[in-house]
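Please walk through this structure part by part, from its strands to the packing of its helices.

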Amino acid sequence: MKTATSTLILCVGGLLTVGLVMLYSSSMMSVGAKYLFLQGVWAAAGIAVCTIAAFCDYRWLKKIVWLIFGLAVIALVLVLIPGIGELKNGSRRWFDLKVAHFQPSEAAKLALIIALAYYGAKYQRDIRTFYKGLVIPGVIIGAILLPIFLEPDRGTTILLAAVSGLMLLLAGVRWIYFVPPAVAGAALMAFALVSDPIRMRRIMSWLNPEETKDGAGYQTWQAMIALGSGGVSGLGIGNGRQKLGFIPEHHTDFIFSIIGEEMGLIATLGVIAGFVIFVLCGVYIAWHAKDVFGLLLGSGVTFLVGLQAFINIGVVTSALPNKGLPLPFISYGGSSLLLMLFAVGVLISIARHGGPPVREDEELEETDLRGAQFA
């Protein structure tokens, strides 16, 4: 457990360092050190929050789980109201706090994971029934996903739906109850994408990148040029050309392309390896948690970071349509970085308190949970 925790911390530290270096490199020609300073402040706050969470017992979250969940839902509803939520690029996703912008969906990610972990642990014996295994979790998930969908933020909706589904399966939900609503949800999402002209243009540009390189596919095409220009070793930090107005959002969602251009294939593979190792360490920590709540909570955090990184890198490399998700620990964004580092602190807390169950009933629940997957 100690090795897994140390490796996890090294991975996060390495990814955070790469992010700060590349953030300065990608933005120094336009805003100087502004983004680096702001991200550094958020990183310092995030590290402090991570440290506090790591030294606290993660099980205290059980006492305030519904408070956290309720506040997240309220924030998601408020951000949709004109005059309260900020309208940017056709979406209402942010609160303008004057000194900073806050995206409530980032907090909602963790709120949903904590709520599902608590519910799955508390009702683990009954979760294989229709009502407690599908209806109630569906209401919990829908309360978060619906307002995010209405922002609209399709990428985060898909991400959280996937993470929630994996957590429910791990908790022991029966396949016969899980598959029909999952298929229905996928069909509804597909219909929503087809009915949305902006998202359809993104999908068509993904299918025909060369034909749309001067239109909807411009951003992805320029990202591919950046990755190709970097070669194996890169052009050198600060020497990238695509950041000079060619790639929109090059310091946020598409920063991975700047890493590839300036630091080359070796660095991009290193970043991917960092996320893979993070997921492996997270799975190990979660599987060796002391209780069911820790198992589900650690798994949810690990799934969230891993899937979000997978989607972001898939978009930048043109393996997936554009989804607009930041690269964890690397992309510019204070609320995302702060909440991700808090999640890392919770994962470390699970590792610190990991080991054999402290009570026989917890041991029985843990055995039931892990055996439910083979029933």
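Three strands make up an open sheet in the order E1-E2-E3, with antiparallel pairing. Strands E1 (85-88) and E3 (101-102) stand at the edges with a single partner strand each, so one side of each has no neighbour in the sheet. Two strands count as paired here if DSSP finds at least two bridges between them. Helices (H or I, at least four residues) and strands (E, at least two) are DSSP runs, numbered from the N terminus. In general, strands of a sheet pair through backbone hydrogen bonds, either parallel or antiparallel.

This is a predicted model, in which local features need pLDDT of at least 70 and side-chain atom pairs count only at pLDDT 80 or more, while totals for chains, interfaces and linings use all residues. Residues are numbered from 1 along each chain as its sequence is written, and side-chain values use heavy atoms, with hydrogens and water left out.

E1 and strand E2 (residues 91-96) run antiparallel and are joined by 4 bridges. Gly85 stands opposite Phe95 in E2, and Glu86 stands opposite Trp94 in E2. The hairpin of E1 and E2 has 2 residues between the strands, and in this hairpin Asn89 takes a positive phi near 55°.

Some loops also hold backbone features to look at. Glu151 and Pro152 are joined by a cis peptide bond, with omega about -5°. Pro152 belongs to the loop between helix H5 (130-150) and helix H6 (154-171). Glu249 is not a glycine, yet has a positive phi of about 60°. The loop that holds Glu249 runs between helix H9 (218-230) and helix H10 (255-287). Glu249 counts as partly exposed, at 36% relative accessibility. Here buried means under 20% relative accessible area, exposed means over 50%, and partly exposed lies in between (1.4 Å probe, protein chains only). Phe329, also not a glycine, has a positive phi of about 70°. Phe329 sits in the loop between helix H11 (292-316) and helix H12 (334-352). With a relative accessible area of 3%, Phe329 is buried.

How many aromatic pairs does a search of the whole structure find? The search finds 8. One of the pairs is Tyr35 with Tyr332: the ring centres are 4.6 Å apart and the planes are at 35°, so the pair is tilted. Because Tyr35 lies in helix H2 (residues 34-55) and Tyr332 in the loop between H11 and H12, the pair ties together parts that are 297 residues apart in sequence. Tyr35 counts as buried, at 19% relative accessibility. The rings of Trp66 and Phe69 have centres 5.8 Å apart and planes at 85°, so this pair is edge-to-face. Rings of Phe, Tyr and Trp (its six-membered ring) pair if their centres lie within 6.5 Å; planes under 30 degrees apart count as stacked, over 60 as edge-to-face and the rest as tilted. Trp66 and Phe69 are 3 residues apart in helix H3 (residues 65-78), a separation of about one helical turn. Trp66 is partly exposed at 41% relative accessibility, whereas Phe69 is buried at 10%. Together with Tyr118, Trp66 and Phe69 form one aromatic cluster.

Charged groups also meet rings. The charged end of Arg154 sits over the ring of Phe149, 4.0 Å from its centre. Likewise, the charged end of Arg174 sits over the ring of Tyr177, 5.4 Å from its centre. A charge sits over a ring if NZ of Lys or CZ of Arg is within 6 Å of the ring centre and within 35 degrees of the ring normal.

The last topic is helix packing. H3 and H4 pack at an angle of about 145°, with their axes 9 Å apart. Axes are lines fitted to C-alpha atoms, for helices over the stretch in contact, and angles run from 0 to 180 degrees between N-to-C directions. Among the residues that meet are Trp66 and Phe69 in H3 and Tyr118 in H4, where contact means heavy atoms within 4.5 Å. Helix H4 (residues 104-122) also packs with H11, at an angle of about 150° and with the axes 8 Å apart. The contact includes Ile113, Ala117 and Tyr118 of H4 and Leu297, Gly300 and Leu304 of H11.
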